[in-house]
Amino acid sequence: MVDIVPLSSYPSYIDLLPSIQTCNITNLPENYFLKYYLYHALTWPQLSFVAVVRPRGGYKSSSTAIAGNVAGEYPKVVGYVLAKMEEEPTDGLQHGHITSLSVMRTHRRLGIAERLMRMSQRAMAESHRAHFVSLHVRMSNVAALRLYRDTLGFEVEKIENGYYADGEDAYAMHLNLQNMWLDWKAIEKRDAENNKEKNGEEGNEDEGEEVGDLGKKDAEKMIRVKVGRGLGVGDLVEKNESKA
Amino acid sequence: MPETLSSKDHSLFRQVVHHFEMKQYKKGIKTADQVLRKNPKHGDTQAMKALNMSQIGQLEEAFALAKTALQNDMKSHITWHVYGLLLRQEKNYEEAIKAYRFALRLEPESQPIQRDLALLQMQMRDYQGYIRSRSAMLQTRPGFRQNWTALAIAHHLAGDLAEAEKVLTTYEDTLKGATPHVADMENSEAILYKNTIIAETGNVERALEHLEAVGYRCTDVLAVMEMKADYLLRLDRKAEAEAAYTALLERNPDNSIYYNGLIKAKAIPESDHKALKALYDEWVEKNPRCDAARRIPLDFLEGEDFKQAADAYMQRMLKKGVPSLFVNIKQLYGNPAKRDMVQELVEGYLSVKATNGSAESNGDNNEFLSCTYYFLAQHYNYHLSRNLPKAMENVEKAIELSPKAVEYQMTKARIWKHYGNPGKAAEEMEKARLLDEKDRHINTKAAKYVLRNNDNEKALELMSKFTRNETVGGTLGDLHEMQCTWFLTEDAEAFLRQKKLGLALKRFHSVNNIFDTWQEDQFDFHGFSLRKGMIRAYVDMVRWEDRLREHPFYTRMAIGAVKAHLLLHDQPDLVHGPMPSGINGLDSTDENQRKKALKKAKKEQQRLEKVESDKRAARKAAAANAKGADGETKKEDSDPLGNTLVQTQDPLKDAMKFLTPLLRSSPQNIEAQCLGFEVYSRQNKHLLAVKCLVAAHSIDPSNPTLHLQLLRFRKSLESLAEPLPEKIDEVVNAEFDKLLPKTQNLEEWNESYLSANKGSVAHVQAGLSGRQFLSPESKPQCEQDLLTTLDSPDITIDEATAALDILNRWGSDKAAYAEKAGKKWPESSVFELN
């Protein structure tokens with residue numbers, strides 16, 4: 001029995017990071033330091049998911065005082081999807097990217113990869129308003145191609161020659177996600193209603209100004225931080241607070 | 001007095017700082033030299049030069065210069081700050097904090113120093129210090145939300161939930177009702193963070209209220225739904241909880257926790273199988289492709305209901321040709337009735353199909369058949385339903401039908417493993433690998449099986465098919481860089497089995513270093529996560545780092561490392577490499593024989609060193625300028641064979657590096673406690689030794705290893721070379737008396753252990769060891785009794801293999817035992833003595 005659970009949102013299964021890394025290096029030639037997984041988990045905690053074998057008799061600490069606390073549990077990891085948002089989209093469109101997806105050979109054809117993908121896709125659309133999700137797949141990987149194209153509806157965008165370290169070509173694929181976007185208008189409407197109610201109650205006419213600028217950082221400069229390896233990962237860009 | 005700079009030199013100095021910030025370290029050093037030519041004792045310039053040097057791998061020289069800088073200018077915040085930064089790079093955090101504090105005293109307004117200090121306090125979990133730093137930073141720049149959030153985190157982690165919440169609310173109030181945009185993720189996350197803090201206070205009611213007021217505008221929709229469902233259930237608001245769990249299942253029907261929540265919300269009693277099954281059936285209908293709703297009912301259904309449901313479930317999967325069926329079924333085998341029913345059902349499919357298989361097209365039927373054979377092969381290979389000849393028979397039939405199926409061939413290898421024949425198992429796994437050479441999973445398995453067969457070299461060669469071998473250190477270098485803990489641990493264990501302790505220690509240390517790196521990895525996120533605003537994930541990460549070494553990967557490695565150190569302590573000759581067994585045994589008094597073996601071991605060691613240095617030379621020639629993945633030039637390992645580790649003066653002291661975190665992180669692991677006893681008793685640390693015994697006793701009072709240790713400890717207390725200090729003696733005796741009273745006749749105690757546990761071979765072995773220990777003259781009888789355990793219907797091949805070690809410890813001849821065991825397990829190789 002396999003459960004699909006979030007990696008680092010709620011409840012957090014972040015204890016499983018070493019197991020996820022092992023799952024990756026067991027199955028795939030493209031590997032990363034643990035810090036690269038951490039980077040994903042802490043930058044886009046909503047987007048990555050894990051497939052774990054449910055322990056016999058369930059999770060022991062599911063009834064502790066802290067809601068959703070699964071700390072210190074180490075169920076077997078049989079699959080994961082590691083996902084991110086593209087940091088510098090060339091076309092300016094917010095979009096997600098699947099960094100890595102793998103399911104253990106022993107747990108194939110149970111629909112695990114599909115579920116992992118669907119969870120991640122939805123989170124990209126809801127949390128980050130991603131226009132689409134992109135990924136790369138080896139041209140020889142028929143099973144994965146079938147999943148992405150036939151089951152999930154991805155389209156081949158282009159072929160990237162020699163994408164993989166061993167020289168194999170990749171299909172660059174993508175899938176539109178706009179149909180799963182949250183209805184911001186509805187949220188804003190509810191905001192307005194709430195504000196009205198509050199103001200009415202308090203007899204306060206203060207509408208409040210846009211404070212969108214509050215909390216913005218001062219002049220930022222970019223530094224390049226390398227925390228991963230493998231083609232398609234490249235150097236990660238992170239923004240650094242000015243040292244002023 | 002510190003030198004003062006001319007205005008020209010001062011602007012040069014500013015350039016040095018600028019170069020450093022732009023990461024132009026070489027330019028920075030050059031410019032600093034320009035200043036220093038005229039002002040050779042200018043502390044600040046020296047410090048900045050040192051800082052630049054530290055970034056290009058000259059940490060040692062940088063340190064020397066930074067110290068000089070400090071001597072030249074003790075009153076400069078720059079010299080202190082740089083000194084602190086270098087200490088931090090060296091991971092000397094405590095001293096670094098002190099240096100930062102000095103710097104801050106000299107320049108209380110400096111933001112960078114304050115920030116660097118705060119980051120380290122966080123890393124060191126100096127929460128009170130962190131609270132002070134964060135309060136100061138907030139006061140300087142209250143306009144930044146992250147400064148508020150940071151202070152809240154500080155209070156939260158320090159355990160002051162109320163204060164943490166107050167800080168967050170204070171910031172929210174500064175917004176004066178202006179609602180941040182929906183897309184403001186920092187805001188969305190801060191709201192949810194505040195909600196988790198409220199929930200942690202235990203006031204679920206208030207947490208729910210807060211969530212309902214603000215959750216609708218948080219974009220992590222799934223998290224909000226999970227939190228809400230959990231709160232509702234805990235508040236026993238059943239109808240709403242039911243709706244909440246239903247909504248979660250509609251998003252993700254593959255999560256058993258949601259079904260559990262839904263069932264609790266609907267108050268369906270655990271015993272009402274009919275209602276439960278109906279609930280799951282409903283979800284099957286909604287999600288025909290979902291496995292969970294089909295599979296979970298098999299957990300609770302019994303008898304005929306179980307049989308029907310299992311039949312439907314398995315037939316469907318087998319017809320679809322799903323190879324993963326068995327991994328989903330085996331969890332049921334804790335219940336023997338279910339196990340037997342599954343066996344009966346699946347065996348039944350074969351007989352039916354054999355007679356009327358012609359109805360379907362041959363191809364489909366073949367897939368069904370091969371899947372069924374494959375299922376049965378795994379079934380009879382599984383420890384709770386093991387019948388290896390039947391397993392082999394079924395796997396052969398499956399392979400015959402689908403000779404290219406990697407899984408089938410893999411299972412054949414596993415069967416050989418359980419036959420106790422690691423050589424044959426590795427051979428069969430290699431055949432599986434050859435069926436799909438581009439698949440890393442099967443390559444991994446093949447390497448693992450080769451390691452279990454103690455062939456480290458071949459394993460590395462297999463691994464090299466998927467590593468970047470141009471990395472410094474070749475394949476192994478890449479495996480280190482990619483933190484491939486499973487391989488390093490298995491490699492270490494294989495070396496340990498072969499008593500190649502230098503290499504074993506080398507690998508164990510590598511894994512230990514990887515855990516150190518993982519702990520270090522969090523450092524960058526103390527600042528990063530505040531900027532990103534993903535606070536919940538950050539706090540979870542901090543807490544996880546605090547229990548990092550509870551991970552089973554660490555436990556396993558640490559246990560192996562402690563064993564290796566113990567072995568080295570007990571058999572110091574192993575420093576020169578493996579010696580034939582028996583030479584070091586208690587009985588061996590033949591000094592000549594020992595010398596001969598030692599000479600041989602030393603010669604082998606020299607040969608290995610030569611091989612290794614040749615390899616290194618070859619790699620050097622091949623890649624004169626090899627660089628690591630991060631662009632740094634990496635140095636070759638100067639001690640690839642682990643000689644410095646194995647040549648230690650004090651193996652027990654070295655073992656503490658592993659034992660201390662092991663006992664701290666996994667106190668409930670009985671093997672760890674028993675190993676703790678072994679180390680402490682050899683160090684004559686009686687108090688700590690007895691503490692481990694007490695802990696082990698509370699986990700499992702009749703544990704076989706513990707049993708023998710209790711006897712040994714009682715005996716050792718009786719024959720101390722010099723009496724223990726009075727106070728220690730008092731505590732040790734008081735504690736130990738609870739486990740094994742002084743007045744107890746040990747022989748009787750041991751015999752009663754034997755008769756109470758005669759059903760378990762492992763316990764009987766321990767009892768016999770106890771008897772042999774208490775009265776060495778009983779050895780022949782003990783050997784005879786040990787031989788008799790081979791007639792037990794329950795004895796496993798692992799237990800029989802363990803008996804060989806026991807005979808070793810007794811200094812007995814193993815031939816008779818090995819011969820009988822070899823006959824009992826004719827396919828095995830582990831009883832072939834050489």
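This is a predicted model: local features need pLDDT of at least 70, side-chain atom pairs count only at pLDDT 80 or more; totals for chains, interfaces and linings use all residues.
In helix 7 of chain B, the buried residues are B:I113, B:Q114, B:D116, B:L117, B:A118, B:L120, B:Q121, B:M122 and B:Q123. Helix 7 of chain B runs over residues 111-123, and its 13 residues span 18 Å from the first C-alpha to the last, close to the 18 Å expected at 1.5 Å a residue. Its buried residues pack against four helices of chain B, namely helix 5 (77-89), helix 6 (93-106), helix 8 (127-140) and helix 31 (523-532). Just after helix 7 of chain B, a positive phi of about 60° is found at B:R125.

Helix 26 of chain B, residues 440-452, also has 13 residues; from its first C-alpha to its last it reaches 18 Å, close to the 18 Å expected at 1.5 Å a residue. This helix is mostly covered, with 12 of its 13 residues buried. The buried residues are B:R440, B:H441, B:I442, B:N443, B:T444, B:K445, B:A446, B:A447, B:K448, B:Y449, B:V450 and B:L451. Within chain B, they pack against helix 24 (406-418), helix 25 (422-435), helix 27 (456-463) and helix 29 (485-497), and in chain A against helix 1 (17-27). Just after helix 26 of chain B, B:N454 adopts a positive phi of about 60°.

Chain B as a whole contains 45 helices and zero strands. Along the principal axes, its C-alpha atoms fill a box of roughly 95 × 80 × 65 Å. Of the 834 residues in chain B, 45% are buried. Among contacts in chain B with a separation of 6 or more, 55% join residues 24 or more positions apart. The chain is divided into domain 1 (7-180) and domain 2 (745-833), and the centres of these two domains of chain B, taken over C-alpha atoms, are separated by 64 Å.

B:I29 lies in helix 2 of chain B, residues 25-38. It counts as buried because it has 21 C-beta neighbours inside 10 Å, the threshold for burial being 20 or more. Apart from neighbours within four places in sequence, B:I29 is in contact with B:K49, B:N52 and B:M53. B:K176 is 147 residues from B:I29 in sequence, and their C-alpha atoms are 51 Å apart in space. B:A275, in turn, is found in helix 16 of chain B, residues 273-286. With 12 C-beta neighbours inside 10 Å, B:A275 counts as exposed, since a residue is classed in this way at 12 or fewer.

Chain A has five helices and nine strands. Read along the sequence, these elements of chain A follow the pattern β-α-α-β-β-β-α-β-α-β-β-α-β-β. Buried residues account for 43% of the 244 residues of chain A. Of the contacts in chain A with a separation of 6 or more, 66% are made by residues 24 or more positions apart. The average pLDDT of chain A is 82, and 77% of the residues score at least 70. Over residues 62-67 of chain A the pLDDT is below 50, and this stretch has nine contacts in the model beyond near neighbours in sequence. In chain A the pLDDT also stays under 50 over residues 203-244, where the model has 70 contacts beyond four places in sequence.

The two chains touch through 79 residues of chain B and 76 residues of chain A. The side of chain B that touches chain A comprises 36 nonpolar, 20 polar and 23 charged residues.

The largest nonpolar core has 276 residues, and those with the most contacts inside it are A:V50, A:A51, A:L116, B:A50, B:A66, B:V82 and B:L693. Domain 1 (7-180) and domain 2 (745-833) of chain B each supply at least three residues to this core. Not counting residues up to four places away in sequence, B:A50 touches B:A62, B:L65, B:A66, B:A69, B:V82 and B:L86. In soluble globular proteins, nonpolar side chains tend to be buried together.

Conventions: Residues are numbered from 1 along each chain as its sequence is written. Chains are lettered from A and ligands numbered from 1 in the order in which they are written. Two residues are in contact if their C-beta atoms, placed from the backbone, lie within 7 Å. Ala, Val, Leu, Ile, Met, Phe, Trp, Tyr, Cys and Pro count as nonpolar, Asp, Glu, Lys and Arg as charged, and the others, Gly among them, as polar. Domain bounds come from an automatic or database domain assignment. Helices (H or I, at least four residues) and strands (E, at least two) are DSSP runs, numbered from the N terminus. pLDDT is the predictor's confidence in each residue, from 0 to 100. A nonpolar core is a set of buried Ala, Val, Leu, Ile, Met, Phe, Trp, Tyr and Cys residues joined through C-beta atoms within 7 Å. The expected span of a helix is 1.5 Å times one less than its number of residues.
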